[in-house]
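Below is a walk through one protein model, moving from a single side chain to the core and then to the aromatic rings. Have the sequence and the 3D view open while reading.

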Amino acid sequence: MKEPENTGVTPPSQNRIYSQAVRQSPEFMSFQVDFAVCLKELKNYCGTILAGNFISPDELVEKAASMIRPGQTTIDFFDMLHNMRHVDDSIYVHSLNVALITRMIGKWLKLSAPDMQILTLCGLLHDIGKSLIPDDLLNKQERLTDEEYDLLCQHAQFGYDLLRPLPLDPRVKNAALMHHERCDGSGYPAKSTTDAIDDFAQIIAIADVYDAMTAARAYRAPLCPFQVISEFEKDGLSKYKPKFILTFLERIASAYQNNHILLSDGRAANIVLLNRQHLSRPLVQLDTGECIDLAKCDLSIASLI
């Protein structure tokens, strides 16, 4: 899936109002500390692999797993994750984000406890191959040349090659190799299709794209959840396994039902009813009491407020 074009409709001031309330909560402050600790451990762990050594990943996985609190709601979890964006968006921050999002997806899919641990490790190590890509290429904000793009795409193979000799579950190695593959054959490095792509790699792919879309880019502000859902709806069913992508999108959309939002024309509203056929375009009620079915008009959700 390509990055969406800059629509210019996300009002930063409204996003700040919503984010400020999240960041002032005691729960977020605790999450922030745990995130920093886990991030340091992830960097150290990847450093041992890059140095040609191996230690058990169990302690790292447990640390990441503990960041999703028992009884924590979906909206609380994603709000806290989105508000960690002030941390440098490095390989390791992204990898920790993906691991946490992926673990939440695994929870929704009712995976077994051992599979949840493996899936979390898949997220933590899926981008380790980027450690072998030059920093100036990873951080380049201008359009990449064809040669630069080809080199960047090699990170999947680089990651697999780093993990291949290690005593890790094969699904962890496959996630590093296949997280950019797509069910319709449009991905890389092998242009594999549905049956050839590891299920855990397919789950990682969804979390990987979601985290990228909700991060700020030089050419756009971070996208709100409903803008991301809209992008996934455009081609998600052809690129991702329906069981995984539909579960993800339905859970994200449901989490924000009844939330206060800002429409693309600047009016405020509440989400009152999801449209199962078009999750990004629910029925909303304006502050005046008027209801609008976004599936039947050109308006869209621009931000959370």
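A residue is called buried when its relative accessible area is under 20% and exposed when that area is over 50%, with partly exposed in between. The model discussed here is predicted. R103 has a relative accessibility of 14%, so it counts as buried.

R103 sits in helix α5, which covers residues 91–108. Leaving out residues up to four places away in sequence, R103 touches A65, I68, M116, Q117 and T120. With one of these, Q117, its side chain makes a polar contact of 2.9 Å. K239, by contrast, is 136 residues from R103 in sequence, and the two C-alpha atoms are 21 Å apart.

Next comes helix α6. This helix spans residues 113–125 and has 13 residues. From its first C-alpha to its last it reaches 19 Å, close to the expected 18 Å.

The largest nonpolar core has 83 residues, and the members that touch the most others are F78, F232 and F248. Helix α5 supplies the largest share of this core, ten residues. A separate core of five residues lies apart from it, with Y160, L177, M178 and I197 among its members.

F248 also has a list of contacts beyond its neighbours within four places in sequence: F78, I101, I105, W108, I206, Y210 and F232.

Aromatic pairs are the last topic. A pair of aromatic rings is described by the distance of the centres and the angle of the planes. The structure holds nine such pairs. In one of them, F77 and F78, the ring centres are 5.0 Å apart and the planes meet at 80°, so the pair is edge-to-face. F77 is buried, because its relative accessible area is 0%. F78 likewise counts as buried, because its relative accessibility is 0%.

W108 and F248 make a tilted pair, with 6.2 Å between centres and 45° between planes. W108 belongs to helix α5 and F248 to helix α13 (residues 242–255), so this pair ties together parts that are 140 residues apart in sequence. Both W108 and F248 are buried.

Technical notes:
Residues are numbered from 1 along each chain as its sequence is written. This is a predicted model: local features need pLDDT of at least 70, side-chain atom pairs count only at pLDDT 80 or more; totals for chains, interfaces and linings use all residues. Side-chain values use heavy atoms; hydrogens and water are left out. Helices (H or I, at least four residues) and strands (E, at least two) are DSSP runs, numbered from the N terminus. Buried means under 20% relative accessible area, exposed over 50%, partly exposed in between (1.4 Å probe, protein chains only). Contact means heavy atoms within 4.5 Å. A polar contact is a pair of N or O atoms within 3.5 Å; within protein, one must be able to donate a hydrogen and the other to accept it, and residues adjacent in sequence count only if both atoms are side-chain atoms. A nonpolar core is a set of buried Ala, Val, Leu, Ile, Met, Phe, Trp, Tyr and Cys residues joined through side-chain atoms within 4.5 Å. The expected span of a helix is 1.5 Å times one less than its number of residues. Rings of Phe, Tyr and Trp (its six-membered ring) pair if their centres lie within 6.5 Å; planes under 30 degrees apart count as stacked, over 60 as edge-to-face and the rest as tilted.
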